[in-house]
Structures are given as C-alpha cells and as structure tokens.
Amino acid sequence: MRGNMKKAYNKDIWRSMKKGKRRFFSIMLITALGVTMLTGIKAACVNLRYSADDFFDRQNLFDISVVSTLGLTEDDVQALKELESINMAEGAFNKTVYTPNGDKKQSVEMKTFSETGINVPYLIEGNLPQKADEIAVTEKYRKETGKSIGDTLIIEDKAEGTEDGTGVGGDKKEDAKEDNLDLKDEKPTFIHTSYKITGIVTDVMDVNSNDGAVSFRSTATTDYTFFVLQEAVNSNIYTEVYLTLADSSKLLCYSKDYENYVTQVLNTIESQLKGKREQARYDELTSEAYRKLSDSEQEMKEAFAKAEQEISYVEAEFGAEAVSESKKEFEAKRAQAEVKLGEARKEIEEIEMPQWYVQDRTSLSGYGNIKNDAASIETIGTIFPILFFVVAILISLTTITRMVEEDRGLIGTYKALGFKNREIRRKYLLYSFIACLFGGILGDLCGYIVLPQIIFIIFKTMYLLPEYLLKFDLIYGIGGVLLFIIGIVGATTLSCHAELKQMPAVLMRPRSPLAGSRVALEYVTPIWRRLSFLNKVTARNLFRYKKRMIMTVSGIMGCTALVLCGFAIKDSVTELMPKQYENTYLYDLMVIASSKDNEKLLSYIREDENVSEFINVQIDSVKIKNRDGNEEKVQLIVVPDGKTLESFIQLENIEDKAVKLDESGIIVTQNAGIVLDFKKGDMVSLQNLKLVQAKVEVSELVKNYLGNNVYMTQKVYENLFGIYEPNGVLANLTDTNKNHSDYAEELAGKDGVISAISTENLKEEFASAFSLINMVVYILIIMAAGLAFAVLFTLSTTNISERERELATIKVLGFYDKEVHLYVNKETFILTGIGILLGLPLGYIIGNCLTYALKMPSIYFAVSIHPISYVISAVMSYIFALLVNLITDRSLDVIDPIEALKSIE
C-alpha cells in the first residue's frame, strides 16, 4: 500500500512539471539568462587571455628583456644564459629606417629575428626570410602599399634617422635605440638597401590592431615593421637581449604565478648581474677608447718627431730663415693635435656608466592592453549578474509559493495519508532543481560558446591575434549553476515552510481570500472621488497583491536599467569623438618630421596659404612611471618658451578650469593619473627613448579621452633631458580648405615629412571603428528583453491563476474579452510605468559607474546619456510588457466561468 502511494506520488511530481510548464519555463529562463551573463562575459575575457597566452607561447615571446644605454654584447648574452631559470637568451637588433611609398617616405622599424629563437613573427602567408636580402612585412604594409610576396622594397638606412625624437620605433622597442651604442665605429647599418618580400607576418610583440577601435592607442610610432635575419646587420652590438624562462610556457602569462616567477628572475638579474655587466661594458668601452687614444697619441708623436728631424735638417743645411714658416705651421699643427687629444681624453672621461633596464612583457602595450581590457570588461560581468540573481530568487519565491497554494488540498491529503514534510517538500524542491539545472546547462552553453563568439567580433577589431580559443572553466561553470540552484531551491524551501507547518484539516480547506483594505489614494479625496469604479478596483488590486507589485516593479526596473546601460555605452562612445577631436584637440593637423628636417617642415607650413596658424613643438614618446614602478607609454608634447597651446589643445582640469604650462612641472592627462594612481602634486618618473630617466612633479591633471599625453615647457624639458629639438607642427587650416584629409595626404608625401594626420580623418576612422559597439548594446537589450519576459510572464500567469474566480465573475457579469484584457493588463502597465520611473535613475547610476569599472589605459570612459536614450529605454520596456500581455491574454480567453466558479466544498 505504502509502495503504491509512493509510485502515485512520483507520478504526481512529473505531472506537476508538465502541468506547470509555464512556471517551469520561467525559472529555467531566468536561470539561463543569469548564468549566461555570469559566465559569458568572464569566459570571453578568460578566452582572450588564454588565446593570447597560446599565441605568445607558440611564437616564443620573451619573458624578460634587457636594454642598455650603451648597448649589449655577446658577453652579456652569455652571462644571462648562465643564470638559473633562464631557458634561452638571444641578442637582437632593431633600428628605425625609411621606405618610399609613392611620393612619400614612411618610417619603418627593422627588426632581426631567428626562426628558432625568441619573438618569432607569426607567418600569415609565404615564408620567413632565409637570406640576408629577404624580408618579411606586416599586413598593414601590404594593405597600404599594394606590394606583396615576391615584390622588392627599398629602405633608406640613415644614421640620423633615429634621432628625430618622433617616438618612432615600434611598440616597445623604440626604448632601445642605437643612438649612443657603438662609440668606436659609425652607427650600425643594414648590409642591403633592397629586399625581396618573402612573407606577410604579425609581430608577436605588437598585437594591437593598427586600425579601428584602438588605433588611437598609439602615440607616435613607426608606420610599419619589417623583419630580417641577424646576418643582414653588420653590427656586433645588440640593442637588446631577450630571455625566456624555463617552464614559463606552462603558466598562464596573466596569472599571479607567472608574474611572481618573472619578478623573482627580474630581481635576480638586478641583484646578481646588472651592476657587474654595466661595469664590464664601461670598462670595455673606456679601455678600447683609451687604447685608440694611446695609439693615436703614439702615432702623432712619431709623426711630429719625424717632421721635427726634417725641419732640423733643413735648418742646418739652409739656415733658420725656405724653414721659419714651416716651423710655425708645424707648431700650430702640433698644438692643434694636442687640443684634439685633450678633447678626446675628456670625452672618454665623460662617458657615463651604462644603465641596464630589465623589463617584463608589461612593457609591451598590446600585452598590457589585453590584461587591462579583460579586467575592465570582467567588471561588467560581475555587476549585471547580481541583478539577474536577485530577480531569479524573487521569481522562484512567487512561482513556487503560488504552486504550493494551488496544491493546498493535495498537500493536506498527503499529510493525512502519513507522508512526512520532507517527502512532500521533495516535489517542489525537485521541480525547482530541475528547472535550475536545465536553465544552468543552457546558460553555460550560451555563456561559454555563444556569448564569447559575439564578444570575439569586438576583440578582433582590437587585437591581431590569429585565433580565439574557447576554454571551459569547469569550476566556474558549475559554480554559476550551483549559485542559482542554491538560491532558487532555498527560496523554494521557504515557500513550502509556511504551508507544511499547518494541520491537514486546515490545508484541505481553501485559503481565505486576502482581506480588502483602504489604500493611501483613498485618503486623497479629490482624486479618489473622480476615479471610475474600475479604476478604484485597479488601485486596490495593485496594493492588495503587494508581492506581485514589488516583483513587477523590481523586474521592470532592472530591465529598464539594463537597456539604459546599453545606450549609455553607445552614447558615451559616440560622445568620445567630439569631446576629443573638437573640445580637446582644437588643431586641424599634426605633422611630424625628424629633428634634422624641422626647418624643411616649417618651410612647407609657412609657404602654404591654407595654414592660418601653427606652433612648432617637439613630439616624442615617453614612459611615465609611478612610485610603485608601474608604467604607461604616453605621447610627449614640448612647447617652446614663450608659446602656448591655447589655439591648438584645450588644457582643462577636472574642475573645468583652463590651465597653462609653467616651469614648475608637467601636465598629464587624467586617465594616466587614474591608471597609475597619482594625482596633482605627486612626483613621477619620465623615461625618454634614449633611456634617460628623470623625476618631475605633476603640476596638473587635464581632461583627455583617447590616449594619454604629457605636456611640458621647453625649459622643463631641457632641465630633464637636455637639448630641445622641435620636430612637429600643430596647425589650424583656413575655412576655405574643406578637405583636410587630402591636404594631410599631400603634405605627408613631401620630403622629410614622416607623418601628417588630420583630425578630420581621425573622426572618420573613429566613427567607423566604434560602429561595432552596437553589438554590446544589442546584447544588453536581448538580456533585458529576456529579463522582462521572464518577470512579466511569470507574474501575469500567476496573477491570472490567483484571480481566476474573480475574472470568471466579471465575465459572467457581461465583460467582453477585450474588457477583461484591459481589466488585468491595466495593472501590469501601471506597475510597468512605476518600474520604468525607478529604472531610469538606477540605469543612470549604474551607467555612471562604468567610468570607474571600465578603467582602461587608453580610454577615459566619460559616461554620457542622451535624452532620447531615456525615452527609447522607457518605450522598449513598455513594448516588452505589451508583448507579454499579448501572450498571456490567451489564458484569459480560455477561462471557463462555470468551472472556475464551482464551489470547492
């Protein structure tokens, strides 16, 4: 007998799921949405880091690099190899050269590589160079020049090309210039000037996209990067040495374990090797210089001694008078030679001790951008799932509570038959558990496959990674599902508790209807008297079912906030362009040349009637470091004494006050201060391309939205780094010159000009690149629609089931179907309106938190929400409510008044 009852009870469980499929679907949907949001955004960021790590490992990206102010030798390489934990050590050479492209010359960073070594370029097409006169180029070069595999390119290997101060030289490696490396010879050059293109590659050290959404992250870098073999260089001095560590590839490069491992080896190099090798290089250079000086001095003495003997012989033969002039000339030359020897000796004495700079991968902007961008986006993946989780708990409370209330009589029967509370509760726990489990599985599928694939579309515009790999985090995936299961099953337990504590006799009788009560509006007599009977009923019903009211308002509030956050992201990105290129950058054109061609550049500008005003400045690329040693690469603009940037760049602090450059310190853009955690009055370090480092005070932080800049006067620069060498122009053009982009293109083709960029062109590129941000908006809108549907559908069906006798009564009284629809839906629309009114300010608050959540090095995400976005968000929430009502209206139509009004007694 007992066994038969068990079987019947188990059948009842499955029948309940089938009968309550709408409720089951609602719990499953909200769980799926919550788990998708919880796991999907994080998974996309984890996959980004995992894909980058896989790419870096396959191409053997360095773990540590060493650069020196006086270059590095093979002895340095060998000394580094002998350190514990070092797997490979490889010397490399890079230099900035130029290549013709149509009518203009463009800057190129030439890098050496070894196919079996470190930092192997990723081959997209063709083959890597095998001979000294072969070269590999990037996709950008092929795209912009039209050249491809098999074609020939020319480089101009100018010794002074690297001294232009333009910041050219690639991503990180501009830090290791050869300007002051080889004191005993001329600057190293490449053996060939003509090369055959054998392959199209991606530089593993620079995974930033050159176009699109992150093109503004570059300051002033080279136009292209080329790769040649080490045999193509005739120098035995390396610009830097790359190191890989033993077993580092087994660690995720963005993990704490990897960072700690690298830091440990960095400290070892700093403490055990750095000072010794710096001294060895200094001794080598000075010894060689003194040897050459000694040899020259000896040669000079021998030459002058011989000349002196000849003069003495002539003087003895012919007299002191055909020799007086010769003697004077001889003494003058000897004095001149002595001066030169003295100067040479002084130069040797002034040779400074070389400085080693030991760096890890964070010195690469692309590597750092992936780390920071992923961390910022993950913040969103932490904030929004909380909303879904709370709503899921509330929905399950409402759903299961109503389900239990409908089963009161059945529960009473079970109790009367001897079933224990835990056995009765099992039905509802199993119901919610299976709904959560199915929803969680669906959420994991969407979170680990669908959503990352969508977000990858955005990542592909930001980085040059060849592929994005999907990785399932078992612990996090199961944990997300368990979180919702625990929350919803726990809510189910609470829902069952109130009923199960009652006696069977009480449970087998219907619950008494909620008592009517006066609402606050009734006390406002002038308004209440003017309401129709049905409107009074609506007002009372709204407050009679408080749980439904709170749930509906909360759900729509969250839905509206989500939609508004989506539009906040879209509006903010849209506003970045005018804020940067109209309100901050006032100039029309930025032109950069090498410092030696500065006068030539000025002649072009002065002779052009299209230029209304201009300022000649020094434009450089520097690293700014905080007190903890964290660093960011920024663009430096040095203003000549007596000049201001007022007509070209708006320097405005965070209090909206205009500021001016002074001689007490530097002005830095605010986002650099946020990322590196420094403020006005703090001391920071600046390091230029020649590795000279100096401390300086931050006199002011100013607004900037895309990229980061440091501004200083000529005097401050000379105090920090020495000679001021202007190399760029900021210019405003006349109104008659409508097409600034064409003018910039024409100017870029002139001799000596490295680059010319118009803000008009930057605006166009920005607008095109950020069109993909709509993808984020669509994701949030879809999630918001799902949230609204789950909330409204659940509450509407619950509302109808709770009031079935009431609705049957008004049907018997003669209400048509449309009037019944209006009777019920009016309440939903009013609650939706309240939810919208509360959701708009909530969306504003959450949206403004994005400024701090999306803390990316190269973007100051100043949140801006357009008025129309509030309207659209409200309308969309109402549309969601309308669609749900259209679906649930069918439930109203099928209510049978006779069945509904039958007495349970």
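**Reading burial, charge and salt bridges**

Modeller: In this predicted model, threonine 669 touches Leu701, Val702, Asn704, Gly707, Asn708, Asn709 and Tyr711, when residues up to four places away in sequence are left out of the count.

Biologist: In which strand is the place of threonine 669, and does threonine 669 count as buried or exposed?

Modeller: Threonine 669 belongs to strand S15, which covers residues 666-669. A residue is called buried when its relative accessible area is under 20%, and threonine 669 counts as buried because its relative accessibility is 0%.

Biologist: Which residues gather in a patch of negative charge on the surface?

Modeller: That patch consists of Glu343, Glu347, Glu349 and Glu350. Glutamate 343 lies in helix H6, residues 324-349, and with a relative accessibility of 47% it counts as partly exposed.

Biologist: How many salt bridges does a search of the whole structure find?

Modeller: The criterion is a side-chain nitrogen of Lys or Arg within 4 Å of a carboxyl oxygen of Asp or Glu, and the search of the whole structure finds 34 salt bridges. Among them, glutamate 259 and lysine 371 meet through their side chains at 3.0 Å, N to O; glutamate 259 is partly exposed at 22% relative accessibility, and lysine 371 is partly exposed at 32%.

Biologist: With which residue do the side chains of aspartate 407 meet in a salt bridge?

Modeller: The partner of aspartate 407 is lysine 427, at 3.0 Å from N to O. This pair links distant parts of the chain, 20 residues apart, since aspartate 407 is in the loop between helix H7 (365-406) and helix H8 (408-416), while lysine 427 is in helix H9 (residues 421-462). Aspartate 407 counts as buried at 15% relative accessibility, and lysine 427 is buried with a relative accessible area of 2%.

Biologist: Which residues are linked in a network of salt bridges?

Modeller: One such network links Lys42, Arg49 and Glu378. Within it, the closest N and O atoms of glutamate 378 and lysine 42 are 3.5 Å apart; glutamate 378 counts as buried at 16% relative accessibility, whereas lysine 42, at 24%, counts as partly exposed.

Methods
Residues are numbered from 1 along each chain as its sequence is written. This is a predicted model: local features need pLDDT of at least 70, side-chain atom pairs count only at pLDDT 80 or more; totals for chains, interfaces and linings use all residues. Side-chain values use heavy atoms; hydrogens and water are left out. Helices (H or I, at least four residues) and strands (E, at least two) are DSSP runs, numbered from the N terminus. Buried means under 20% relative accessible area, exposed over 50%, partly exposed in between (1.4 Å probe, protein chains only). Contact means heavy atoms within 4.5 Å. Patches are made of residues with over 30% relative accessible area and no salt bridge: like charges are joined within 9 Å, nonpolar side chains (Val, Leu, Ile, Met, Phe, Trp, Tyr) within 5 Å. Accessible areas come from the Shrake-Rupley method with a 1.4 Å probe; for residues, only the protein chains shown count as cover. Lys and Arg count as positive and Asp and Glu as negative; His and the chain ends are not counted. The place of a charge is taken as NZ of Lys, CZ of Arg, CG of Asp or CD of Glu.
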